[in-house]
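Here are my notes on the model, as numbered points. Please read them with the structure open.

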Amino acid sequence: MIHNKTITVVLPAYNAELTLERTYNEIPFDIVDHVILVDDNSRDNTVEKAKELGIKHIVKHEKNRGYGGNQKSCYDKALALNSDIVIMLHPDYQYTPKLLHSMSYMIANEVYPVVLGSRILGRGALRGGMPVYKYIANRILTLTQNFLMRQKLSEYHTGYRAFSKEALQAVDYHANSEDFVFDNQMLAQLFFKGFEIAEMTCPTKYFKEASSINILRSMKYGFGVLGVAFAYRLQKWHLAKFRIFA
């Protein structure tokens, strides 16, 4: 059970006007205390839609900072609200909010400090419409990362993540990139600090309004991911030092 835990859902938003309401309406407010939306200078009416829905905690970037920069603002605001459990949920409705109960319970009962919603466990990714090239790239990158970091995650690339307050406070996420590789840097930091990470099967949806990045951005992301894994291994071997692992 969840006893006296403040649970906050953070929504890193960029042009999420068309999908925000569907996402928000499935959030289980019987356990969720706060919802934070950080708008990364969207070109649509994301902020207006958030206000219409009654979201109280809205942070708007005056300049687009990128996916990593958005998350930094999300976690800063969540910690400022003294949240015990912080769950990042993309407002593009690609991940179902219906797993929030289960993810929160694992952290609240001190089973794991971090829980990921995995698209790869089971058959949800391809069935949900993940492009084949992204699925193959995901598997290759994850295999390489597990080998270099000596872990056994099914994927490092999900955007559905739950953290205990202690896990968030233990890593210097401000040292990370403002781009998409932020996610991988943060997982590497958590592993470096000795945190265990759980995974839960998560269905996913790919459709026109869901956010995505093009092939060139995907390639840049892939090389960045490999760079993080190599940096992790080099620092573990005491052959180099990197700021993100300070």
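Buried means under 20% relative accessible area, exposed over 50%, and partly exposed in between, with a 1.4 Å probe and protein chains only.

1. Basis. This is a predicted model, in which local features need pLDDT of at least 70 and side-chain atom pairs count only at pLDDT 80 or more, while totals for chains, interfaces and linings use all residues. Residues are numbered from 1 along each chain as its sequence is written, and side-chain values use heavy atoms, with hydrogens and water left out.

2. Thr-142. Is this residue buried or exposed? Thr-142 has a relative accessible area of 1%, so it is buried. It sits in helix α6, residues 132–149. Helices (H or I, at least four residues) and strands (E, at least two) are DSSP runs, numbered from the N terminus. Leaving aside residues up to four places away in sequence, Thr-142 touches Leu-153, Ser-154, Glu-155, Tyr-156 and His-157. A contact here means heavy atoms within 4.5 Å.

3. Overall fold. The protein has 9 helices and 7 strands. Its C-alpha trace spans about 50 × 40 × 35 Å along the principal axes. The radius of gyration is 17 Å; a compact globule of 246 residues would have one near 18 Å, so the two agree. That radius is taken over C-alpha atoms, and the globule rule is 2.2 Å times the number of residues to the power 0.38.

4. Of the 246 residues, 54% are buried. Among contacts with a separation of 6 or more, 75% join residues 24 or more positions apart.

5. Surface and charge. The protein exposes about 11700 Å², and carbon and sulfur atoms supply 55% of that area. Accessible areas come from the Shrake-Rupley method with a 1.4 Å probe; for residues, only the protein chains shown count as cover. There are 30 positive and 24 negative charges, and their mean positions are 7 Å apart. Lys and Arg count as positive and Asp and Glu as negative; His and the chain ends are not counted. Each charge is placed at NZ of Lys, CZ of Arg, CG of Asp or CD of Glu.

6. Cysteines. How many disulfides does a search of the whole structure find? The search finds 0. Cys-74 is in no disulfide, and the nearest cysteine sulfur, that of Cys-202, is 18 Å away. A disulfide is a pair of cysteine sulfur atoms within 2.5 Å. Cys-74 counts as buried because its relative accessibility is 0%. Cys-202 is buried too, at 1%.

7. Helix α4. This helix covers residues 100–108, and Leu-100, Met-103, Ser-104, Met-106, Ile-107 and Ala-108 are buried in it. What do these buried residues pack against? Their partners are β1 (7–13), β4 (85–88), β5 (114–118), β6 (161–164) and β7 (197–201). Just after α4, Glu-110 takes a positive phi of about 60°.

8. Backbone points to check. Most residues other than glycine have a negative phi. Asn-15 is not a glycine, yet it has a positive phi of about 55°. Asn-15 lies in the loop between β1 and α1 (17–25), and counts as partly exposed because its relative accessibility is 26%. His-238, also not a glycine, has a positive phi of about 60°. His-238 lies in the segment after α9 (215–236). At 74% relative accessibility, His-238 is exposed.
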